[in-house]
Amino acid sequence: MCEEKKHRSYDAEAHSLAVQRLKQCRRPLSTSVLVLCLFLSVGYNGFRIFYLKLPFLADAQVGDSHKSPENAAGGTQAKTKWSSPSAKLSSSSLLYAVKEEQPPVIRKTHLPPLKKLESSDLPVKDFSPNTPRGVPKRGSVFKILRPGNRSRWFSGRVKEFFGDSSCKFRFFMTWISSLESFGEREFFTVESMFKSHPNACLVIVSNSLDSSGGTQLLNPFGEKGFRVIAVSPDYDYIFKNTMGEVWFNRLRKRKINPGEISLGQNLSNLLRLALLYKFGGIYMDTDFVVLKSFSGLRNVIGAQTMDLETGNWSRLNNAVMIFDEQHPLLLKFIEEFALTFNGNKWGHNGPYLVSRVVSKVSGRTGFNFTVLPSPAFYPVDWSKIPSFFKGPRDKPHSKWLAGKLLHVRMQSFAVHLWNRHSNNLKVEKGSIMDHLISDSCVFCNSSVSAL
């Protein structure tokens with residue numbers, strides 16, 4: 001019995017000790033579980049946050065892929081542009097966290113194919129609200145583009161005129177100015193042309209001369225048996241199927257600023273090219289004195305200035321040109337005019353234009369033309385043209401005049417008078433011009449002292 005009590009006492013003590021120990025262990029266990037729960041909760045929340053952020057990152061990359069030069073150029077990976085260093089840092093950290101995952105899908109940006117630029121797409125400034133000083137108003141500038149009363153008959157009249165078998169040469173001139181401004185100098189240019197080419201047919205493209213007054217003015221040539229006609233231009237027909245057509249349509253729609261240089265002057269620059277391209281023949285300005293026949297010339301343009309030692313030209317001129325119908329060089333001239341037109345630079349669309357194009361095509365196959373030396377059409381520079389109008393001052397001067405006159409007669413087909421620099425000069429007796437007029441006149445009893 002005592003032994004049983006002893007065992008019971010032992011069991012009670014063991015139970016009490018076990019309970020006491022259990023009480024002592026209960027607090028650390030609950031704390032551990034709590035820590036574990038908190039850790040799982042933080043992990044779960046972090047996973048939810050990360051899961052929501054990931055699509056935002058992909059969308060941001062897709063949005064920037066439209067702006068990326070690499071993507072626009074066909075690159076396979078778009079780069080994201082960031083606005084601040086802190087943003088860049090946070091984004092790189094996030095990218096690092098998912099580097100083991102599948103990369104977000106970047107949608108391809110489909111850009112429209114590049115459009116080939118046509119001449120009509122070239123940006124050309126329209127009229128500004130404040131027209132610069134010296135630039136004519138719209139009405140006066142574009143009045144020149146209005147078709148004449150007889151423009152619609154241009155094609156038929158010219159073809160019929162050239163259809164006569166008696167036309168051995170096709171000459172063209174343009175006159176964009178008024179009838180009254182067609183003076184003695186212009187008249188004598190026609191006169192000298194017929195003196196050297198009695199079998200020529202001359203078409204003067206002009207609204208003002210295609211009138212009763214113009215017919216009366218040119219009638220003396222008809223009475224002499226020469227064939228000359230003034231025809232109002234049909235610009236649509238003349239420029240058709242060339243780049244000149246595109247340029248002219250844009251000009252007419254006010255999409256090209258004609259600039260400060262006379263629109264008539266630049267329109268003449270294009271007209272002469274298109275006329276020769278369509279019909280072939282000879283174009284000549286109205287300030288020439290023709291000295292001899294052009295019969296041996298074909299597909300030629302004259303040098304205005306050249307190096308006398310090397311024989312290389314430094315500038316050409318479009319004041320006289322002789323070309324076959326649809327010659328490829330003429331087409332290049334027209335393209336250059338349409339694509340590089342500048343109405344504010346004198347000569348840019350004329351002498352400088354033909355110089356630029358010939359420099360580009362020289363030596364290329366498919367172009368057959370000749371550049372004549374400057375004495376052919378430009379035996380005197382514009383700065384020295386007054387010397388041709390002055391009579392002899394003394395014996396040395398008389399000797400110089402005789403030598404120069406002989407040189408011109410031998411080497412020149414025609415003499416350009418540089419109208420802008422000589423239109424107010426008088427022909428003095430015994431001058432070079434006095435002799436050339438006597439050589440080239442048809443109506444020799446007429447006074448040409450104001451030439």
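## The nonpolar cores

Which residues touch the most other members of the largest nonpolar core? In this predicted model, Phe-294 and Phe-377 do so, within a core of 54 residues; a nonpolar core here is a set of buried Ala, Val, Leu, Ile, Met, Phe, Trp, Tyr and Cys residues joined through side-chain atoms within 4.5 Å, and buried means under 20% relative accessible area, with exposed meaning over 50% and partly exposed in between (1.4 Å probe, protein chains only). Helix α6, residues 184-196, gives the most to this core, contributing five residues. Apart from this core lies another one, of 52 residues, which has Leu-263, Phe-279, Ala-338 and Val-354 among them. In soluble globular proteins, nonpolar side chains tend to be buried together.

Leaving aside residues up to four places away in sequence, Phe-377 touches Phe-288, Phe-294, Leu-297, Gly-302, Val-320, Leu-372, Phe-413, Ala-414, Val-415 and His-416, where contact means heavy atoms within 4.5 Å.

## Basis of the description

Residues are numbered from 1 along each chain as its sequence is written, and side-chain values use heavy atoms, with hydrogens and water left out. Because the model is predicted, local features need pLDDT of at least 70 and side-chain atom pairs count only at pLDDT 80 or more, whereas totals for chains, interfaces and linings use all residues.

## The protein as a whole

The protein has 15 helices and nine strands, which are DSSP runs numbered from the N terminus (helices are H or I, at least four residues; strands are E, at least two). Of its 451 residues, 40% are buried.

The 13 residues of α6 should span 18 Å at 1.5 Å a residue, and its end C-alpha atoms are 18 Å apart, which agrees; the expected span of a helix is 1.5 Å times one less than its number of residues. Since 11 of these 13 residues are buried, α6 is largely enclosed by the rest of the structure.

Helix α7, residues 212-223, has 12 residues and reaches 16 Å from its first C-alpha to its last, close to the 16 Å expected. Gly-214, Leu-218 and Phe-221 are buried in α7, and, seen down the axis of the helix, its buried residues fall within an arc of 10°, so they line one face; the arc is that of the directions from the helix axis to the C-beta atoms. These buried residues pack against α6, β2 (200-205) and β3 (227-231), while the face turned away from the buried side carries the exposed residues Ser-212, Thr-215, Gln-216 and Glu-223. Just after α7, Gly-225 takes a positive phi of about 90°.

## Aromatic rings and charges

A search of the whole structure finds 25 aromatic pairs, in which rings of Phe, Tyr and Trp (its six-membered ring) have centres within 6.5 Å, with planes under 30 degrees apart counted as stacked, over 60 as edge-to-face and the rest as tilted. The rings of Phe-187 and Phe-221 have centres 4.7 Å apart and planes at 35°, so this pair is tilted. As Phe-187 lies in α6 and Phe-221 in α7, the pair ties together parts that are 34 residues apart in sequence; Phe-187 and Phe-221 are both buried. Elsewhere, ring pairs link Phe-171, Phe-288, Phe-294, Phe-377, Tyr-378, Phe-413 and Trp-418 into a cluster.

The charged end of Arg-152 sits over the ring of Trp-153, 4.4 Å from its centre, and that of Lys-278 sits over the ring of Tyr-237, 4.7 Å from its centre (NZ of Lys or CZ of Arg within 6 Å of the ring centre and within 35 degrees of the ring normal).

## Helix α11 and two loop residues

Gln-326 is placed in the loop between β7 (313-323) and α11 (328-340); its phi is near 55°, a positive value in a residue other than glycine, and Gln-326 is exposed, with a relative accessible area of 52%. In α11, the buried residues are Leu-329, Leu-330, Phe-333, Ile-334, Glu-336, Phe-337 and Ala-338, and what covers them includes α9, α10, β6 (300-306), β7 and α12 (351-361).

Arg-254, in the loop between α9 (243-252) and α10 (263-279), has a phi near 65°, likewise a positive value in a residue other than glycine, and counts as partly exposed at 30% relative accessibility.
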